[in-house]
Amino acid sequence: LRKFLPWVEVPGVMTVRYEDLSNPETRNATILGIFEHAGLRCDQPLLERIVSEAVADVSPTFRSGKKDEWKEALSADQIAYIETVHFDFLSRFSYH
């Protein structure tokens with residue numbers, strides 16, 4: 001994961017977190033922000049289509065779409081390892 005950290009410092013790169021797309025409270029603003037960042041327009045029908053097809057629970061873009069499911073899927077040792085080895089990455093993206 002550390003090899004990806006320099007990418008977020010490149011001018012013009014927008015960082016988007018899964019949580020921001022999966023959270024109904026931040027989802028629309030995040031999607032609109034992506035379009036704005038790319039210099040594109042996103043009207044309401046397009047936004048609704050994106051939400052229904054790309055961010056829906058049935059989307060093939062993620063395993064299950066359940067927030068915090070990793071807490072049950074990973075052992076305590078695996079979580080400790082990830083938190084130790086990838087602390088910089090987790091901190092940078094507010095996962096701590």
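View 1. pLDDT is the predictor's confidence in each residue, from 0 to 100. Over the chain, pLDDT averages 84, and 84% of the residues score at least 70. This is a predicted model: local features need pLDDT of at least 70, side-chain atom pairs count only at pLDDT 80 or more, and totals for chains, interfaces and linings use all residues. Residues are numbered from 1 along each chain as its sequence is written, and side-chain values use heavy atoms, leaving out hydrogens and water.

**View 2. The chain has six helices and zero strands.** Its elements run α-α-α-α-α-α from the N terminus. Helices (H or I, at least four residues) and strands (E, at least two) are DSSP runs, numbered from the N terminus. Of the 96 residues, 18% are buried (under 20% relative accessible area; exposed is over 50%, partly exposed in between; 1.4 Å probe, protein chains only). Among contacts with a separation of 6 or more, 40% join residues 24 or more positions apart. A contact means heavy atoms within 4.5 Å. The accessible surface is about 7400 Å², and carbon and sulfur atoms hold 56% of that area (Shrake-Rupley method, 1.4 Å probe).

**View 3. Helix 2 packs on helix 3 (residues 44-54) at about 115°.** Their axes lie 11 Å apart. Axes are lines fitted to C-alpha atoms, for helices over the stretch in contact; angles run from 0 to 180 degrees between N-to-C directions. Helix 2 supplies Arg27, Asn28, Ile31, Leu32 and Phe35 to the contact, and helix 3 supplies Leu46, Leu47, Ile50 and Val51. By class, seven of these residues are nonpolar, one is polar and one is charged. Ala, Val, Leu, Ile, Met, Phe, Trp, Tyr, Cys and Pro count as nonpolar, Asp, Glu, Lys and Arg as charged, and the others, Gly among them, as polar.

**View 4. Arginine 27 is a buried residue of helix 2.** Its relative accessible area is 15%. Leucine 47 is 20 residues away along the chain, and the two C-alpha atoms are 9.9 Å apart.

**View 5. Lysine 67 sits in the loop between helix 3 and helix 4 (70-73).** Lysine 67 is exposed, with a relative accessible area of 63%. A gap of 9.5 Å separates its C-alpha atom from that of tyrosine 18, 49 residues away along the chain.
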